[in-house]
Each structure stands twice: as C-alpha cells, then as structure tokens.
Amino acid sequence: MNVRGELHYQYRCLRLAWGFLSGRFIHCNLQVTYRCNFRCQICDFWKQQHDPADELSLRDIRLIGRKLNGLGTLIISLAGGEPLIRRDIYDVITVLNAANHFPILITNGWYVDESVARDILRAGLQ
C-alpha cells in the first residue's frame, strides 16, 4: 500500500472508531443484485428472473454512499443474490472505498479464484 492509500485507510479507521464511540449506525447491508447462480432453499431471489438493467447503477451507488456518509455509516456489506455476478462489482467496491467506506462482500464464493481475490482487494474490499 502506498502512503496515500495508508492515509486513506487510517482516516477511515478513525471515522469508524468515532462511529463506535458516538453510538451511530455504522453498518449497512446493500443488495447490489438479486441474481444468483445458486438455488438455496432459504432464499427466494432465484425464483424470479431479475434483469441487470434494474440494478442500482454506479451513479446510484455513489449517491447512496454520499447519503450514508452523512448518517455516519461506514461499513457497507455488498450482498445479493451473488454480488460477483455483477460485471461492475470492482467499480462498485472502488466507488464505496473512495467515499471513505469499508466495503465488505457477502458471497457464496463460487466465482472466487486467485485473480478475483486479488482484483477485489485492489478495488478496496476490506
């Protein structure tokens, strides 16, 4: 990590600590897609077709990130369905990371390999 990246990370850590100390809501679960490659019995998302065109755009996610910043929310769990189905998931992570959030990923792991792991970490996944 370079100096700028380290300072960005330290800034977000300080904001996170302040959020805990001040009792603010610091976590949000953001459904970035309802599409999924599995058919789990505990989930109903797969029972309907979901059009990628109906998903949040990067512009929407950027706006949500700004609004969540105003509320003090720092940790954003990217969930679905299966978030790694989105072709722009790396951009989603980058946008939220740049907006001083700690993006984390809830995934079934099917699409994760060494290359994907490296790319999502580079994008700023925590």
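Let me start with a definition: buried means under 20% relative accessible area, exposed means over 50%, and partly exposed is in between, with a 1.4 Å probe and protein chains only. Trp110, at a relative accessible area of 59%, is exposed.

A word on the source, everyone. This is a predicted model, in which local features need pLDDT of at least 70 and side-chain atom pairs count only at pLDDT 80 or more, while totals for chains, interfaces and linings use all residues. Residues are numbered from 1 along each chain as its sequence is written, and side-chain values use heavy atoms, leaving out hydrogens and water.

Let's begin with the sheet. Helices (H or I, at least four residues) and strands (E, at least two) are DSSP runs, numbered from the N terminus. Here three strands make an open sheet, ordered 1-2-3, with parallel pairing. Two strands pair if DSSP finds at least two bridges between them. Strand 1 and strand 3 are the edge strands, each pairing on one side only. From one strand to the next, the twist averages 25 degrees.

Now look along strand 1. In a regular strand, side chains alternate between the two faces of the sheet.

On to the helices. The axes of helix 2 and helix 3 (residues 89-98) come within 9 Å and cross at roughly 25 degrees.

How many aromatic pairs does the structure hold? It holds three, where rings of Phe, Tyr and Trp (its six-membered ring) pair if their centres lie within 6.5 Å, and planes under 30 degrees apart count as stacked, over 60 as edge-to-face and the rest as tilted. One of them is Tyr9 with Phe102, edge-to-face at 6.2 Å centre to centre and 80 degrees between the planes. Tyr9 lies in helix 1 (residues 3-22) and Phe102 in strand 3 (residues 102-105), so this pair ties together parts 93 residues apart in sequence. Tyr9 is partly exposed at 30%, whereas Phe102 is buried at 6%.

Another is Phe38 with Trp110, also edge-to-face, at 5.7 Å centre to centre and 70 degrees between the planes. Phe38 sits in the loop between strand 1 (27-31) and helix 2 (58-71), and Trp110 in the loop between strand 3 and helix 4 (114-123), so parts 72 residues apart in sequence are tied together. Phe38 is partly exposed, at 27% relative accessibility.

Back to Phe102 for a moment: Arg12 lies over its face, at 4.6 Å from the ring centre. The criterion is NZ of Lys or CZ of Arg within 6 Å of the ring centre and within 35 degrees of the ring normal.

Finally, have a look at Asn100, in the loop between helix 3 and strand 3. Its phi is near 70 degrees, a positive value in a residue other than glycine. Asn100 is also buried, at 17% relative accessibility.

Methods:
Axes are lines fitted to C-alpha atoms, for helices over the stretch in contact, and angles run from 0 to 180 degrees between N-to-C directions.
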